[in-house]
Amino acid sequence: MTGSAVKILVVDDEPPIRKLLRVGLTAQGYEVQEAANAAGARQSVADSLPDLIVLDLGLPDISGHDLLQAWRDEGLSVPIVILSSRTDEAGIVTALESGADDYVTKPFGVNELGARIRVALRHRLQQQGEKAIFQTGGLSIDLVKRIVKVDGQDIKLSPKEYDILRVLAQHAGKVLTHQYLLKQVWGPAADVQYLRVYIRQLRQKVEQIPDQPHYITTETGVGYRLREPD
């Protein structure tokens, strides 16, 4: 997938935001389409399916949450990166659990959004051709043999620690919510404190400086993200 071939639909009711994104993303080599509301966005998708959607949660006709949910219910699988206010942690979590691929909080830089877009596009490609060996920096995970190494040294993990790391690796570069990780590893009724304890233990084993994590980073109030693969 080359940059010039990638079509991005920007859905936001604020003309200055749309202009900022149109200019910035076009400069990064993307073809940008725009919609000011949910109705226009749905029509744009019906007319020409984009490769990725940038979706503001605060739309004037229906909420971005409802539009996102409707698209996912209809089987639309293109990556969706949401725009949200910095204080709306609950809204971010809801959107991610409804099928958003990532998020950026306002105010944001176009370069930051561009990085999230590249991660979301790569993540979809990875899902289509998942590799047996995951590698990011000095961390490697053999997803078949269940062997974890840091800088070439074997790391002994408990079954739960490995399960968390495996799920993170399968979605590397993407933020995973607390509830998603809990459901994948323990089941829907598990307490988030379990997750915090195991993440802390994992960092003690794979991070050079556990209190300043390089691989497993925290998305405050939302979840965790594993550094994207090399």
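Q: Before we start, what counts as buried?
A: Buried means under 20% relative accessible area, exposed means over 50%, and partly exposed is in between (1.4 Å probe, protein chains only).

Q: OK, then is Arg72 buried or exposed?
A: Arg72 is buried, because its relative accessible area is 17%.

Q: And what am I looking at, and how is it numbered?
A: This is a predicted model, so local features need pLDDT of at least 70 and side-chain atom pairs count only at pLDDT 80 or more, while totals for chains, interfaces and linings use all residues. Residues are numbered from 1 along each chain as its sequence is written, and side-chain values use heavy atoms, with hydrogens and water left out.

Q: Where does Arg72 sit?
A: Arg72 is in helix H3, residues 64-73. (Helices, H or I with at least four residues, and strands, E with at least two, are DSSP runs numbered from the N terminus.)

Q: Which residues does Arg72 contact, leaving aside neighbours within four places in sequence?
A: Arg72 is in contact (heavy atoms within 4.5 Å) with Ser77, Val78, Pro79, Ile80, Ser98, Gly99, Asp101 and Arg124.

Q: Which residues in H3 are buried?
A: Gly64, Leu67, Leu68, Trp71 and Arg72 are the buried residues of H3.

Q: Where are they around the axis?
A: They sit on the same side of H3, because the arc they cover around the axis is only 130 degrees. The arc is taken from the directions from the helix axis to the C-beta atoms.

Q: New topic: how covered is strand E4?
A: Strand E4, residues 80-85, is mostly covered, with 5 of its 6 residues buried.

Q: How many bridges join E3 to E4?
A: Strand E3 (residues 52-56) and E4 run parallel and are joined by 4 bridges. Two strands pair if DSSP finds at least two bridges between them. Within E4, Val81 is the residue opposite Val54.

Q: What about the sheet with E6 in it?
A: That is an open sheet of 4 strands, in the order E6-E7-E8-E9, with antiparallel pairing.

Q: Which strands are at the edges?
A: Strand E6 (133-136) and strand E9 (153-155) are at the edges, and each has a single partner strand, so one side of each has no neighbour in the sheet.

Q: How do E7 and E8 pair?
A: Strand E7 (residues 139-142) and strand E8 (residues 147-150) have 4 bridges between them, in the antiparallel sense.

Q: How many bridges hold E11 and E12?
A: E11 and strand E12 (residues 223-226) pair over 4 bridges in the antiparallel sense. Leu226 in E12 is the bridge partner of Ile216.

Q: Where is Gln179?
A: Gln179 is found in helix H7. Gln179 counts as partly exposed, because its relative accessibility is 39%.

Q: What does Gln179 touch, not counting residues up to four places away in sequence?
A: Gln179 touches Glu97 and Pro188. Gln179 and Val93 are 86 residues apart in sequence, and their C-alpha atoms are 9.0 Å apart in space.

Q: Last topic, aromatics. How many aromatic pairs are there?
A: The search of the whole structure finds 2 aromatic pairs. In Trp186 and Tyr194 the ring centres are 6.0 Å apart and the planes are at 40 degrees, so this pair is tilted. (Rings of Phe, Tyr and Trp, its six-membered ring, pair if their centres lie within 6.5 Å; planes under 30 degrees apart are stacked, over 60 edge-to-face, and the rest tilted.)

Q: What about Trp186 and Tyr198?
A: Trp186 and Tyr198 form a tilted pair, 5.4 Å centre to centre with 55 degrees between the planes. Trp186 lies in the loop between helix H7 (178-185) and helix H8 (192-206), and Tyr198 lies in helix H8, so the pair ties together parts that are 12 residues apart in sequence.

Q: Which residues do the ring pairs link?
A: Trp186, Tyr194 and Tyr198 are linked into a cluster.

Q: How accessible are they?
A: Trp186 is partly exposed at a relative accessible area of 25%. Tyr194 is partly exposed at 46%, and Tyr198 is partly exposed at 23%.
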